[in-house]
Amino acid sequence: MAEFIGAVDQGTTSTRFMIFDHSGSLIASHQLEHRQIYPQAGWVEHDALEIWARTQEVIAGALQKVGLRPTDLAAIGITNQRETTVVWDKNTGRPYHNAIVWQDTRTDRICEELAREGGQDRFRDKTGLPLSVYFSGPKIKWILDNAPGVRQAAEQGAALFGTMDSWLIWNLTGGSEGGVHVTDVTNASRTMLMSLRTLDWDEDILTVFGIPRQMLPQIRSSSDPAGFGAWQGVPICGDLGDQQAATVGQTCFTAGEAKNTYGTGCFMLMNTGTEIMPSANGLLTTVCYQFSDSPAVYALEGSIPIAGALVQWLRDNLGFFESASQVEDHARSVPDSGGSYIVPAFSGLFAPYWQSDARGVIVGLTRYIDKNHLCRAALEATAYQTREVLEAMQRDSGVELTTLKVDGGMVYNDLLMQFQADILDVPVVRPQVAETTALGAAYAAGLAVGFWRNTDDLRQNWQVQKTWQPEMDEAQRQKLYAGWLKAVQRTMNWMEE
């Protein structure tokens with residue numbers, strides 16, 4: 001029997017292939033970045049063909065590093081940046097338009113028009129989502145309305161839509177020569193087109209958006225023993241949106257368990273079991289995972305679009321440092337942020353506000369402030385945003401978190417993790433394998449083929465690497481957080497017609 005599981009982790013800034021053994025230990029990894037395309041202010045695009053090329057390169061690279069062949073893999077799982085939207089020609093495999101990234105705000109007018117009848121929560125009862133530029137449905141409509149020839153092709157059955165999981169699975173399983181057009185329930189739940197109750201595309205919503213059903217992929221479970229086809233003989237049978245994959249990788253299989261992922265954005269998910277839990281506090285209700293033919297498990301989610309991306313902005317746009325890891329050195333050189341705050345509402349405010357007309361601000365500036373204070377303020381912004389989401393989650397669920405499981409690239413920043421524990425007043429726990437997004441996709445694939453028997457096997461793999469205990473006194477904690485809440489108010493209603 002093959003001894004390893006592979007996982008494609010297609011993220012916002014890079015794509016990687018990771019290989020895991022039965023203990024969940026990382027055997028090999030290969031990662032490559034792709035371009036971020038900004039045609040105009042607020043627009044963010046990716047070249048889907050470039051991402052497909054990078055995917056092929058990282059699979060080959062990871063296998064080569066440890067001298068493995070495809071046949072050494074028992075299965076492959078896919079995890080992906082969610083909501084990013086690509087529409088392509090099924091006959092040629094060429095996209096009609098660059099992929100529109102989840103951070104993109106060009107669909108604000110579409111969302112405003114749809115909200116005129118029924119308001120921002122028009123589809124929330126069915127989909128768990130507010131009307132927002134974040135989700136895929138408005139992006140599909142924009143491409144249909146603006147890319148030449150796409151609507152006609154879609155009506156004729158020649159145009160296919162997918163989030164990045166669908167795009168990669170279609171290409172990995174043959175592309176225009178018989179590629180499989182599927183997605184899973186977690187990715188489908190982020191389109192604003194799927195009913196949480198039926199786990200199928202909603203005909204009424206499709207009619208409102210003007211989206212032909214035949215361009216949409218078949219919705220399958222996240223861990224499917226039947227598989228989604230194969231790549232070089234290896235079954236592809238796991239598929240999860242990145243944040244749901246991280247929840248699986250953190251083994252949050254019991255209702256009330258939660259994790260927070262610190263990547264390009266920051267995303268907290270709490271497992272709510274098989275219950276669909278509506279949010280009264282600005283969170284999303286989403287599918288957490290579905291294994292085989294078991295009932296779907298749902299989650300509450302707090303979505304923060306800009307976390308690690310703010311560090312990248314300091315590096316690339318302002319030139320504060322050459323490597324993102326240097327932000328911690330700059331931040332440590334000062335005792336605090338000097339009273340400055342950065343609210344990175346570059347794509348508007350997401351949870352718990354959902355204000356697309358907000359834009360980023362830096363407040364509290366004096367002549368004393370230098371780039372080191374701003375580096376510290378940038379890290380602290382991620383922790384403050386996380387507290388807002390956590391408080392909303394606790395109000396919705398009635399569950400008081402006693403610890404916060406964390407993962408993602410930013411969790412190796414000790415200064416940030418300590419400040420996170422301080423501002424939350426709960427311990428923050430990092431597992432041995434902090435890149436749990438790829439691990440979760442591997443788990444989904446491995447469960448499908450019997451590589452792991454059940455979720456108890458997966459829980460045994462989870463081990464603590466480091467814990468940060470809160471050290472800040474309560475008065476300081478509340479003072480700093482009050483300043484943050486005041487800064488957030490300065491971002492709102494910035495964009496006008």
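**View A. Contacts around Arg-106.** Setting aside neighbours within four places in sequence, Arg-106 is in contact with Gly-42, Trp-43, Val-44, Glu-45, His-97, Ile-100 and Trp-142. Contact means heavy atoms within 4.5 Å. The model is predicted: local features need pLDDT of at least 70, side-chain atom pairs count only at pLDDT 80 or more, and totals for chains, interfaces and linings use all residues. Residues are numbered from 1 along each chain as its sequence is written, and side-chain values use heavy atoms, with hydrogens and water left out. Arg-106 sits in the loop between β7 (99–100) and α2 (108–115). Helices (H or I, at least four residues) and strands (E, at least two) are DSSP runs, numbered from the N terminus. Arg-106 counts as buried because its relative accessibility is 7%. Buried means under 20% relative accessible area (1.4 Å probe, protein chains only). The side chains of Arg-106 and Glu-45 are joined by a polar contact of 2.8 Å. Such a contact is a pair of N or O atoms within 3.5 Å; within protein, one must be able to donate a hydrogen and the other to accept it, and residues adjacent in sequence count only if both atoms are side-chain atoms.

View B. β2 and β3 pair in the antiparallel sense over 7 bridges. Two strands pair if DSSP finds at least two bridges between them. Phe-17 stands opposite His-30 in β3. The hairpin has 5 residues between its strands, and Gly-24 in the turn has a positive phi of about 80 degrees.

**View C. The largest pocket.** This pocket holds about 990 Å³ of space. A pocket is an open set of points on a 1 Å grid over the protein atoms alone, with protein on both sides within 12 Å along at least five of seven lines; lining residues have an atom within 4 Å of a point. Points are joined across faces, edges and corners, and a volume is the space filled by probe spheres set on them. The lining has 40 residues; Thr-13, Tyr-262, Gly-263, Thr-264 and Gly-409 lie nearest the centre. α10 gives the most, with 5 residues. By class, the lining has 12 nonpolar, 19 polar and 9 charged residues. Here Ala, Val, Leu, Ile, Met, Phe, Trp, Tyr, Cys and Pro count as nonpolar, Asp, Glu, Lys and Arg as charged, and the others, Gly among them, as polar.

**View D. The second largest pocket.** About 750 Å³ of space lies here. Of its 30 lining residues, Tyr-38, Val-44, Trp-313, Asn-317 and Phe-346 are the closest to the centre. α10 supplies the largest share of this lining, 5 residues.

View E. Helix α13 (residues 414–424) is mostly covered, with 10 of its 11 residues buried. At its start, a side-chain oxygen of Asn-413 reaches to within 3.3 Å of the backbone nitrogen of Leu-415. Just after α13, Asp-425 takes a positive phi of about 65 degrees. The second largest cavity holds about 40 Å³. A cavity is a set of grid points where a 1.4 Å probe fits but cannot get out. Arg-376, Leu-379, Glu-380, Leu-415, Leu-416 and Phe-419 line this one. Its lining divides into 4 nonpolar, no polar and 2 charged residues.

Note on methods:
Buried means under 20% relative accessible area, exposed over 50%, partly exposed in between (1.4 Å probe, protein chains only).
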